[in-house]
Every structure is written in C-alpha cells, then in structure tokens.
Amino acid sequence: MPSQTTSPVGFNLLVWTAAISEEMNPIADRLKQIGYDGVECFIDNQDVSVYRKFGEHLNQVGLQSTCVTVVGPDENPASESASVRRQAVAHLKGAVDRAHALGASVICGPFHSAFATFTRREPQPDEYAYSAEVLHEVADYAQQANIVLTPEALNRFECYLCNTMEQLAELVRQANHPHVRAMFDTHHANMEEKRFPEAIRTIAPYLAHVHISENDRGTPGDGHIPWDDTFRTLAEINYTGWMTIEAFTRNDINFANSINVWREYSKPWEIAENGLKFIKAMQAKYA
C-alpha cells in the first residue's frame, strides 16, 4: 500500500533570483504563510556567511531548506583531466559548506558533469567512472554534514552524460555511497522518458528528491506533464522525500539568459500559490 506519510513541499527561489540575500527574507516569510515546508536555494560563490544568515532566518520562521547547484567546464567531474576533476571536488565541497551553513539536507542538480558542455560524442564508460569517483569523494565530505547529494538527469540539450533515469541509476550505483542518491525532474523526464511510471520505478531504489516542474516551466498543473502517473507512482513506491516546485522566470536576467529562458511563463506568486494547491490536491488524491 502507498505510504500515509506526505512528502514535504518546497519552492525553488530561482523564480526570483539566483542570489541569496536578506531581500529574500520577506519572500520566505510569505512562502511559510502560504503553507510551504521549505525553500530551495541556488548555491553560487557567495561567502558562506550569506547562507548562514539566511539559514538562521529560515529557522526562525520554521522553514527547512534544500539546495541546487551546477558545475561548469573548469570543474567538470566527468573530465578526462585529473586536475579538472580535483577542481570539481573542491568546488562541490564548497557547495557542501554553503549548504551546511544554510541548514540544508539535500544538494540537487546536474553536478555529475558540466552544464551545457558537450564532447560531440555519446557518453563514455570512463566519463561515468570519473564522475562517480568525484561524487563518492564529495559524498564522504557531505556525510559529515548530514547532506545527501542527489544528481539530476537533464534533457539532451543541456547535458549528455545523464538524460534518463536508467543512466542516472547506473551513475549512482557506480558512485556506491549512501549519501549519493538521485532526483527525478518532471520537466526533463517529459523530454527524455518514454513513460513516467517506468522511469520512476527505475530510479526508485535511489530516489531522494523530486522536482515538480511543468513542461513549459510555468505553474505545475497548467501544462501536459502526466501528473496522475507521476503522483500515483510516487505513492506506489512509498516516496516520502521532498517535492519541490522548480519554475523559471526572467526576474533574474543573467540567470535566465544562462539557462535559455527567453519569455515569462507564469508570475512567481501565481506559481507558488497555485502550484502548492495543485501538489496538495494530488497528494490527497493518491494518499
């Protein structure tokens, strides 16, 4: 039978900005009032103290947190260059430090390989091995902070190493560490998976984080993602981890340009308010 425990619901702050600051405090407050359990913050190179201060505010208002991050070609875990892989370890350990300062429990994102960086060939066995080795080493560090790494499969236009749950499951198996799990993102799965139930069951043994994201990155429930299949199957596998809304806007122009977001999909508070109602309704439907 499906679990009777309801997954906590989070909201990714990237609809407003990639930069954490005190300006996000009122937004966090309102998200708490709406009914969210936590927020998801992008990790960049800001000083650790910035994350610690925001984490203290989240704690005061009763919000939990998760984090999302990416890596570039200079810190690519799948690189054939040993020096680049060493830089990947250092970079990701820095992300762990910032997430720990925030008080986060999860770091998600496509940090298994460099974002939007291609070799013009299919993924190679050595690349999976390199990435798994880096993830294992960083997970040793993350374990001390009680943080779980949940790498993410992206669509073929943003990544080549892990596009599907089958590929991601293989990478997690190779990483072979209790603090390297996996995440499922409905937006990317919409492009890369044949059917959601099979994809979710494939990653089920490793699944520790889920992004609830519409096909157009707008308000969940307004598009054509197979939501009934998604929530039904998550209930069937007794998933109790985070369900976090990830949507995008052009509020943060530099960030939007970096991920090819060229138009507005939904207004931030429309996404937050209607998205939460949608998730709660679907959780109740498949409780």
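Student: How many cavities of 30 Å³ or more does a search of the whole structure find?
Tutor: Bearing in mind that this is a predicted model, the search over the whole structure finds two cavities of 30 Å³ or more.

Student: What lines the largest cavity?
Tutor: The largest cavity holds about 40 Å³ of space, and its lining is made up of Ile43, Asp44, Asn45, Thr69, His91, Gly94, Ala95 and Arg98. By residue class, that lining divides into two nonpolar, four polar and two charged residues.

Student: And which residues line the second largest cavity?
Tutor: That one, with about 30 Å³ of space, is lined by Ala153, Asn163, Thr164, Met165, Asp185, His188, Ala189 and Glu193. Its lining divides into three nonpolar, three polar and two charged residues.

Student: OK, switching to pockets: which residues lie nearest the centre of the largest pocket?
Tutor: Phe115, Glu158, Arg217, Phe248 and Ile259 lie nearest the centre, out of 28 residues that line the largest pocket, and the space within this pocket comes to about 560 Å³.

Student: Which elements give two or more residues to that lining?
Tutor: Those are helix H6 (186–192) and helix H9 (253–258), with H6 giving the largest share, three residues.

Student: How does the pocket lining divide by residue class?
Tutor: It divides into 15 nonpolar, seven polar and six charged residues.

Student: Last topic: which residues does UniProt list for the domain?
Tutor: An unreviewed UniProt entry lists residues 29–267 as "Xylose isomerase-like TIM barrel"; over that range the chain is 43% helix and 13% strand, with the end C-alpha atoms 18 Å apart.

Conventions: Residues numbered from 1 in each chain as written. Predicted model: local features only at pLDDT ≥ 70, side-chain atom pairs only at ≥ 80, totals over all residues. Heavy atoms only, no water. UniProt positions renumbered as here; feature names shortened; annotations may be inferred. Helix = DSSP H or I, 4+ residues; strand = E, 2+ residues; numbered from the N terminus. 1 Å grid on protein atoms, 1.4 Å probe; cavity = no way out; pocket = protein on both sides within 12 Å on 5 of 7 lines; lining within 4 Å. Points joined across faces, edges and corners; volume = space filled by probe spheres on them. Nonpolar A, V, L, I, M, F, W, Y, C, P; charged D, E, K, R; others polar.
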